[in-house]
Structure formats: C-alpha cells, structure tokens
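The stops below are meant to be followed in order.

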Amino acid sequence: FLVCVIACLFSAVAMQTAPRTLNSHLPAPVRIGDGPPLTTLLRHPGAVLALTSMVSGQFVMVLLMTMTPLHIRHEGHGLGAIGLVISAHTLGMFAFSPITGWLADRWGRVPLLVAAVCVLVVACLLGVAAGGGSYTLLLASLFLLGVGWNLGFVGGSALLTDSVVPSERTRAQGAGDALIWGGGAAASIGSGWLLDHTGFAMLSLVGACLSLAPVWALVQWHRQRDRT
C-alpha cells in the first residue's frame, strides 16, 4: 500500500507539471446541454459495438480474475503460485498494448474486436478445463484473459473515438468509462456468489458465454455498413 501511495504521488506531480496546451485543430468540447442527447450519441452502430466489446470484456475479465486467487488457494497452492498467475494476467493486459495499437491501425478496429472475442472464449474454456485442478491450464487461461481484454479495450476505445465527432468524444468516452467500470463492479460482486455456489469451472463457462455478447453488435454494425 505504501508503494501505491508513492506511485500516486508521482502521478499527481506529473499531471500538475505537464504542459497545458489545447490542440487548436480540434473543436472545443460541447458544453452539457448543447449537444445531442447522450443516448442518441451512443446509438451509432460503431459506438454500440465498441461499448459492448469493452463492457463485456471488462465484465468477463473481472468475473474470473477476482476469484482466481481464491480458487488457487482452495486447490492447495501458496502465495507464490497466486502471484505468478496474476503477474501473467497483468502482463497479458498491458505489455502488448503498443503492438495492439499498431494492429488496430494496420488491420482496423473491428478485426481486433473479433480477435478479442475469440481469445476471451478460449481463455474461459481453458478456465473450465482448469477447474479440475490444473495449475498450468489456469496460468494459460489468465494470461489469455488479459490478452483478450487488451484487444477489446484498445480496439473498442479506438472505434468509439472514430464513431463520434471530435467535439463529442469527451462525453462519449466518459459514458463509456462509466459503463465499463460499472460493469466491472457488478462482476466483482457476482463472481464470489458464482464461485461459492457453482465452482470455478461453471464460473468460467458463464464467462465464455458472456464473451460472445459483442457478436450481436457486430452483426448490426455489418448491416449498417452494407446499407451505406
């Protein structure tokens, strides 16, 4: 906790000393009440796909990650084993972000979101297989869970930005953050109940099913693109 306090202080100093310049090429953000309703803004098929991908990815990631340390402890492993799995998960979440961003620019946002769904489903199915006590499968599952989250978050953030005009991006991103982190909070509350009543394998199976949530939004996005 002391390390976290020091890190936050450094972050605060960095933000306070950063240059405060505005990009003159972008229009100023719209004041609350001046722009279209937020529901209209987020009804764009691209925005719906982006938000569905990010919210479902966050929900599934938190659903499994929160209860994994308890599951590992229940299987008889120590703190070192827990730390290794969570470290692999964190590595998957953040280490490949520069590559993910490059892929989003090279291949497009939507292919990245499709890859995110596939990776998340594989990660959850590995979690189902690891429910029988395989530490190796659990390690692979949590690593891929982080990678899938990263693909969905980077691709979804870019697509959401692309789907709204520059002056509305602040509101759209704020609404997206509220939905994403709210979904993560709901997942953390429900994951304990699921683990207690159904076990880790069923928890992972629920995650696999929820990972498919963006498929409907993807179909709608394709239909809208075909019309235009």
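**Stop 1: serine 191**

Select serine 191, which is found in helix H8. Helices here are DSSP runs of H or I with at least four residues, strands are runs of E with at least two, and both are numbered from the N terminus. This is a predicted model, in which local features need pLDDT of at least 70 and side-chain atom pairs count only at pLDDT 80 or more, while totals for chains, interfaces and linings use all residues. Residues are numbered from 1 along each chain as its sequence is written, and side-chain values use heavy atoms, with hydrogens and water left out.

Is serine 191 buried or exposed? At 0% relative accessibility, serine 191 counts as buried. The classes are buried for under 20% relative accessible area, exposed for over 50%, and partly exposed in between, with a 1.4 Å probe and protein chains only. Now show the contacts (heavy atoms within 4.5 Å). Not counting residues up to four places away in sequence, serine 191 touches Leu63, Thr66, Met67 and Leu203.

**Stop 2**

Centre the view on leucine 145. Which residues does leucine 145 contact, leaving aside its neighbours within four places in sequence? They are Val60, Met61, Leu64, Met65, His89, Leu120 and Ala123.

**Stop 3: aromatic pairs**

How many aromatic pairs does a search of the whole structure find? There are four. Rings of Phe, Tyr and Trp (its six-membered ring) pair if their centres lie within 6.5 Å; planes under 30 degrees apart count as stacked, over 60 as edge-to-face and the rest as tilted.

Select phenylalanine 94 and tryptophan 149. Their ring centres are 5.6 Å apart and the planes stand at 70°, so this pair is edge-to-face. Phenylalanine 94 lies in helix H4 and tryptophan 149 in helix H7, so the pair ties together parts that are 55 residues apart in sequence. Phenylalanine 94 is partly exposed, with a relative accessible area of 47%, whereas tryptophan 149 is buried at 7%.

Next, select phenylalanine 153 and tryptophan 181, a tilted pair with 6.1 Å centre to centre and 40° between the planes. Phenylalanine 153 belongs to helix H7 and tryptophan 181 to helix H8, so this pair joins parts 28 residues apart in sequence. Tryptophan 181 is partly exposed, with a relative accessible area of 43%. Select the four residues together: ring pairs link Phe94, Trp149, Phe153 and Trp181 into a cluster.

**Stop 4: helix H5**

Select residues 97-107, helix H5, where Thr100, Leu103 and Ala104 are buried. Why are they on the same side of H5? They cover an arc of only 105° around the axis, the arc being that of the directions from the helix axis to the C-beta atoms. These buried residues pack against helix H6 (109-130) and helix H7 (135-163). Turn the view to the face away from the buried side, which carries the exposed residues Pro98, Asp105 and Arg106. Just after H5, glycine 108 takes a positive phi of about 110°.

**Stop 5: salt bridges**

Stay on aspartate 105, which is exposed with a relative accessible area of 59%. Aspartate 105 forms a salt bridge with arginine 109, with the closest N and O atoms 3.0 Å apart. The term means a side-chain nitrogen of Lys or Arg within 4 Å of a carboxyl oxygen of Asp or Glu, and by this rule the count comes to three.

Finally, select glutamate 168 and arginine 171, whose side chains meet in a salt bridge at 2.8 Å, N to O. Glutamate 168 is buried at 4% relative accessible area, and arginine 171 is partly exposed at 21%. To close, select Asp105, Arg109 and Asp162, which salt bridges with shared partners join into one network.
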